[in-house]
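I opened the model to go through strand pairing, cores, overall shape and salt bridges. My entries follow in that order.

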Amino acid sequence: MLSRNLLAFIAVAEELHFGKAAQRLHISQPPLSQQIRQFEEEVGAPLLVRTTRSVQLTPAGRLMLERAHLLLAEAGAALHSVRRHAVGDEGVLTLGFTHSTVYRVLPRVLHAFRQACPDVVLELRQLTSDLLVQEVRSGRLDVAMLRFSSSMESADLMSRVVTHDPMVLVLPLGHPLAAHRRVPVRLLQGLPWVGYEIQGARYFHELEEKVLAGARVRPSVQHRSLLPTLLALVEAGMGAALAPASAVQGVAGRIEWRELALPEGCAPLDAVLSCVWAADNCNPVVQRFLDCLSDAVPQDERAG
């Protein structure tokens, strides 16, 4: 913050009248005169020429006033910037995301965030969910959108559901099971299958295993992979698979997909996309991002 003596000098230099300057500063004239003398001693040069009739600036005084105006402008800009940083209008956000977010959620969220916080610098990183959790815990990422499995949960992480994405059965073109509007899960028994890798697709692997174990069926796993390679393997006729509906829409016309009919009483087969951040993260931009996330994703998608 600018010193009281410098502010006193600016008032006198602009008014060229000690009485008016004192009124402007809401002080009496004697303390103001003392502040000016102290300021001239600090500077080491006379800044004002005083007579009984007038007050004039010396050459050094004119230069000081010019520089003082620059200091005032810089101080104002600094305060403005600090306030914007404090509420998350400026700053940096490091955002991580998995591949499965790019089909629908990520474009919407980034657009909403850019509209709301155009002066925030975004640093983006695409990784698998396991690695994203590690990066959030280490502080290298502020926030991440990922598939948050129960094995990843811990007290040092905060999470929020972003979307519920229905999982569908994905089939090669012309596959016999495509004749069904909804494919009974029992028909997956022994079916050539493309499964998810445990490392890199832990969430989808655990979801897939839960569904198959609950239905007591076991397809014949030919390959294990990650999105979007998994969809390419289905397209190539390597087997059927389960995939989030949002990902399947990008390969329309090259594969078939159908709803999977689960046994009575089973919960809907949804893939949950979550937003995760460290509990001790103090970056105010994180809250701005979470607000944009809520605005960008309709309530019915979050509720499932």
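I began with strand β5 (residues 143-146), where V143 and M145 point one way and A144 and L146 the other way. All four are buried (under 20% relative accessible area; exposed is over 50%, partly exposed in between; 1.4 Å probe, protein chains only). Helices (H or I, at least four residues) and strands (E, at least two) are DSSP runs, numbered from the N terminus.

This is a predicted model, in which local features need pLDDT of at least 70 and side-chain atom pairs count only at pLDDT 80 or more, while totals for chains, interfaces and linings use all residues. Residues are numbered from 1 along each chain as its sequence is written, and side-chain values use heavy atoms, with hydrogens and water left out.

Next I looked up the partners of β5. Strand β3 (residues 91-97) pairs with β5 in the parallel sense over 3 bridges; I count strands as paired if DSSP finds at least two bridges between them. Strand β12 (residues 270-278) pairs with β5 in the antiparallel sense over 4 bridges. A144 is the bridge partner of G96, and V276 in β12 is the bridge partner of A144.

I then turned to the nonpolar cores, meaning sets of buried Ala, Val, Leu, Ile, Met, Phe, Trp, Tyr and Cys residues joined through side-chain atoms within 4.5 Å. The largest has 39 residues, and those with the most contacts inside it include M167, L188 and L260. Elements that each supply at least two residues of this core include β6 (157-172), α7 (202-215), β11 (255-261) and β12. Helix α7 gives the most to this core, with 6 residues. Leaving out residues up to four places away in sequence, L188 touches L169, W193, L212, V217, R218, P219 and L260, a contact being heavy atoms within 4.5 Å. Apart from this core lies another, of 24 residues, among them L110, V286, F289 and L293.

The C-alpha atoms fill a box of roughly 105 × 40 × 30 Å along the principal axes. Of the 304 residues, 44% count as buried.

Last, I checked salt bridges (a side-chain nitrogen of Lys or Arg within 4 Å of a carboxyl oxygen of Asp or Glu). The structure holds 13 of them. R104 and D165 meet in one, at 3.6 Å from N to O. This pair links distant parts of the chain, with R104 in the loop between β3 and α5 (105-116) and D165 in strand β6, 61 residues apart. R104 is partly exposed at 23% relative accessibility, whereas D165 is buried at 2%.

D130 forms a salt bridge with R202, the closest N and O atoms being 3.3 Å apart. D130 lies in helix α6 (residues 129-138) and R202 in helix α7, so the pair ties together parts 72 residues apart in sequence. D130 is buried, with a relative accessible area of 14%; R202 is partly exposed, at 23%. I also noted E135 with R140, where the closest N and O atoms are 2.9 Å apart. E135 is buried at 10% relative accessibility. Salt bridges that share partners join E14, E15 and R24 into one network.
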